[in-house]
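Please look through this note with the model open beside you.

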Amino acid sequence: MARRGSVAGKLMVGGEYAVLTGQSRSLAAAVGSLARWSLDEGKGVSLAAFGSEWRWSEASGAPQGIGQLVQRCLSDAAAHGFGLIGHLSLEVDGEVAGTKVGLGTSAATVVATMAACAASSPQNVPAALVHERAHATHRASQGGKGSGYDVGTVLTGGCALYDRPTETTT
């Protein structure tokens, strides 16, 4: 059953605050390997991030912070028919000297967790469903705010042009 994957981070090339204001376009590029996942026999989750390591099972509950984000993903995937089967190990980078460096750590964590859930599923999980749930879960983790450009960049790879749709009123 051993399966593995990795997810890039994102690097803003231009217009970082444009995604918040919608006043202009922004450009982001997928870079490196920010999050790595593996599936093995067993149950539970192992997470290494920001110089710390955690392990938990469904019964014991996830740790605060990034562990809660992973747990939110696991719950969402299960609610949409592709819950985790097996033991998930996640390694998340994105910090230097204990400080997050803004490469899309939360987006990479969400995408890696959703990808692992889909990979563990006995049925074929459509990529569109994985993308939809990654966007929805990440947005929910940010209190319903956020443009989704970082998740989109991590999901699609390469370079992503973000142009917030113009709101119209009638």
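The points below cover a helix pair, a histidine, the cysteines and a loop residue.

1. Basis. This is a predicted model, where local features need pLDDT of at least 70, side-chain atom pairs count only at pLDDT 80 or more, and totals for chains, interfaces and linings use all residues. Residues are numbered from 1 along each chain as its sequence is written, and side-chain values use heavy atoms, with hydrogens and water left out.

2. Helix pair. Helix α3 spans residues 105–120 and helix α4 spans residues 127–141. Helices are DSSP runs of H or I with at least four residues, strands are runs of E with at least two, and both are numbered from the N terminus. The two helices pack at about 140 degrees, with their axes 9 Å apart. That makes α3 oblique to α4. Angles under 35 degrees count as roughly parallel, over 145 as roughly antiparallel, 65 to 115 as roughly perpendicular, and the rest as oblique. Axes are lines fitted to C-alpha atoms over the stretch in contact, and angles run from 0 to 180 degrees between N-to-C directions.

3. Helix contact. From α3 come Ser106, Ala107, Val110, Val111, Met114, Ala115 and Ala118. From α4 come Val130, Arg133, Ala134, Thr137 and His138. Contact means heavy atoms within 4.5 Å. By class, there are 8 nonpolar, 3 polar and 1 charged residues. Here Ala, Val, Leu, Ile, Met, Phe, Trp, Tyr, Cys and Pro count as nonpolar, Asp, Glu, Lys and Arg as charged, and the others, Gly among them, as polar.

4. His138. This residue lies in helix α4. His138 is buried, at 2% relative accessible area. Buried means under 20%, exposed over 50%, and partly exposed in between, with a 1.4 Å probe and protein chains only. Beyond its neighbours within four places in sequence, His138 contacts Ser106, Ala107, Val110, Asp150 and Val151.

5. Cysteines. How many disulfides does the structure hold? It holds 0, a disulfide being a pair of cysteine sulfur atoms within 2.5 Å. Cys73 is in no disulfide, and its nearest cysteine sulfur, in Cys117, is 7.7 Å away. That is too far for a bond. Cys73 is buried, with a relative accessible area of 0%. Cys117 is buried too, at 0%.

6. Phe50. This residue sits in the loop between β3 (45–49) and β4 (52–56). Phe50 counts as partly exposed, at 30% relative accessibility.
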